[in-house]
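The following note sets out some points for a colleague who is meeting this structure for the first time. Please read the points alongside the sequence and the model.

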Amino acid sequence: MKSVWRQVLSRILIGFIVSIALGFLSGQIFLFLFLYTLYLLYCQFYQLFRFHSWLRFSGRSAPPESSGIWGEVFNNVHRLQKKQRKTKKRMQKALSRIEKSTSALKEGVIMADNTGRLEWWNQSATDMLGLMKTVDRGQFITNIVRAPEFFRYFSQKRFADALIISSPIKEGIYLEIQTTLYSQNDHLIFIRDVTRLHSLEQMRKDFVANASHELRTPLTVIKGYLETLSLFQDSLPQAMQKGVANMSEQSARMEQLIEDLLLLSRLESQEEAEQEEWHTIKDFVHSITNAAKVVMTENHQFDIHIEDDDSLYGSYSQLYSAFSNLIFNAIKYSPAGGTITIKWKSTPISGIFCVADQGIGIDPRYIPRLTERFFRVDKGRGPSTGGTGLGLAIVKHALLNHDGKLIITSEPNEGSKFSCHFPENRVKSNELLKNENHEEKQK
Ligand code: ADP
């Protein structure tokens, strides 16, 4: 490059010297200099014009013949263009390969920007959601999938867990939606047809619910006869007396098991939406601890820290079941005389109901499994504590129905803490509630 510049500059310099010499000889130095400058300008414009015309017609043909610095410019631009065309072809090939492979996928894949506007999707997504390439590009996904649970899932960015919804275009089809954020919070959405899994799960739920329901009647009959037999306990032979007592105990356990299974089915299916209202936390705690005191055989203490002015929005029966399971567990798994602390804490973004005990505690490795049905840390402990193994599963489902979650912390022999976290829209201080009601009445 340096040599080209040297060549160009020396040519211009020679041109100037010749013009000055000719001007000197003719006595018209400025005229010759002016003419030479005009000539230089003309040359540059002429090359610029050729360059522009060549580019205008896409620059695909060979560049115009030229020497010097313009020749270098033409060749370099031509080389860059060839390189760019090659890269473009390579990228187009890769893109079409990606498109072909994603359209072969059974799962639907959608790319949406950070606001949820559709940018790209594969064939399966088209089939599952009925998307149309020409119309739907740029549309908000919440305008296409209109299920309220999807709107909540997407707008509140609850992407930690997959969501199952019924297909917006085909009845009886269930879709699982999983979303990942990438780059600048853009959305990558995977959709899977889970109809078979869903119907299997539904069959399981129906079976448990129906079986529990059917067991209720024979059990009531058996319990009735056992109660009658207990009335004549003293006149029964010694061996029978023990048997009847044992049968009564086990039938009570079985009844509790059936009730818990039915409650769990109701919590899971949520077919009839339960009435939701504001309830004060104190109400729950008072009635649960009063019920507990009646049946408590060992001398446990309650340490209650709840402000009068806190309320929770939800179904009374579900929340009662959740809180009572936690409080009764704390009693069951604490030694006599142990203190059970019950606290309510509301922050601007959440409300936390917390039950802590000083009992036997739980090995942390079992904590993730505690909310599974029938899971017990100590398998042999169930019958002696009278538990069904369904208590924490009930707590989990009741909280899920209230957009809440259960957090468990525990150490063996140091006690356990079960905290129920509720979102801010379900939590209110009584003072706020009174003010709002007052304002509403005034309107
Ligand atoms: P169960 O009817 O057996 O109490 P749950 O579902 O209520 O069933 O609890 C599951 C298991 O979690 C219990 O069997 C017990 O091992 C453990 N667990 C629950 N609460 C406590 C607690 N407060 N302290 C220690 N272990 C607990």
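1. A residue is called buried here when its relative accessible area is under 20%, and exposed when that area is over 50%, with partly exposed in between. The model under discussion is a predicted one. C354 has a relative accessibility of 9%, so C354 counts as buried. C43, by contrast, has a relative accessible area of 22% and is therefore partly exposed.

2. How many disulfides does the structure hold? The number is 0. For C354, the closest cysteine sulfur belongs to C420 and lies 8.3 Å from the sulfur of C354, which is too far for a bond; a disulfide would need the two sulfur atoms to be within 2.5 Å.

3. Helix 9 spans residues 238-269 and packs with helix 13, residues 391-400. Their axes are 9 Å apart and meet at an angle of about 20 degrees, which means that helix 9 is roughly parallel to helix 13. The crossing of helix 9 with helix 13 is left-handed.

4. Which residues make this contact? Helix 9 contributes D260, L263, L264, L267 and E268, while helix 13 contributes A393, I394, H397 and A398. By kind, the residues of the contact comprise 6 nonpolar, 1 polar and 2 charged.

5. Q241 is also a residue of helix 9. Is Q241 buried or exposed? Its relative accessible area is 18%, so Q241 is buried. Apart from neighbours within four places in sequence, Q241 is in contact with Q233, D234 and L236.

How values were computed: Residues are numbered from 1 along each chain as its sequence is written. This is a predicted model: local features need pLDDT of at least 70, side-chain atom pairs count only at pLDDT 80 or more; totals for chains, interfaces and linings use all residues. Side-chain values use heavy atoms; hydrogens and water are left out. Buried means under 20% relative accessible area, exposed over 50%, partly exposed in between (1.4 Å probe, protein chains only). Axes are lines fitted to C-alpha atoms, for helices over the stretch in contact, and angles run from 0 to 180 degrees between N-to-C directions. Helices (H or I, at least four residues) and strands (E, at least two) are DSSP runs, numbered from the N terminus. Angles under 35 degrees count as roughly parallel, over 145 as roughly antiparallel, 65 to 115 as roughly perpendicular and the rest as oblique. A crossing is left-handed if the near helix is turned anticlockwise from the far one by less than a right angle, and right-handed if clockwise. Contact means heavy atoms within 4.5 Å. Ala, Val, Leu, Ile, Met, Phe, Trp, Tyr, Cys and Pro count as nonpolar, Asp, Glu, Lys and Arg as charged, and the others, Gly among them, as polar.
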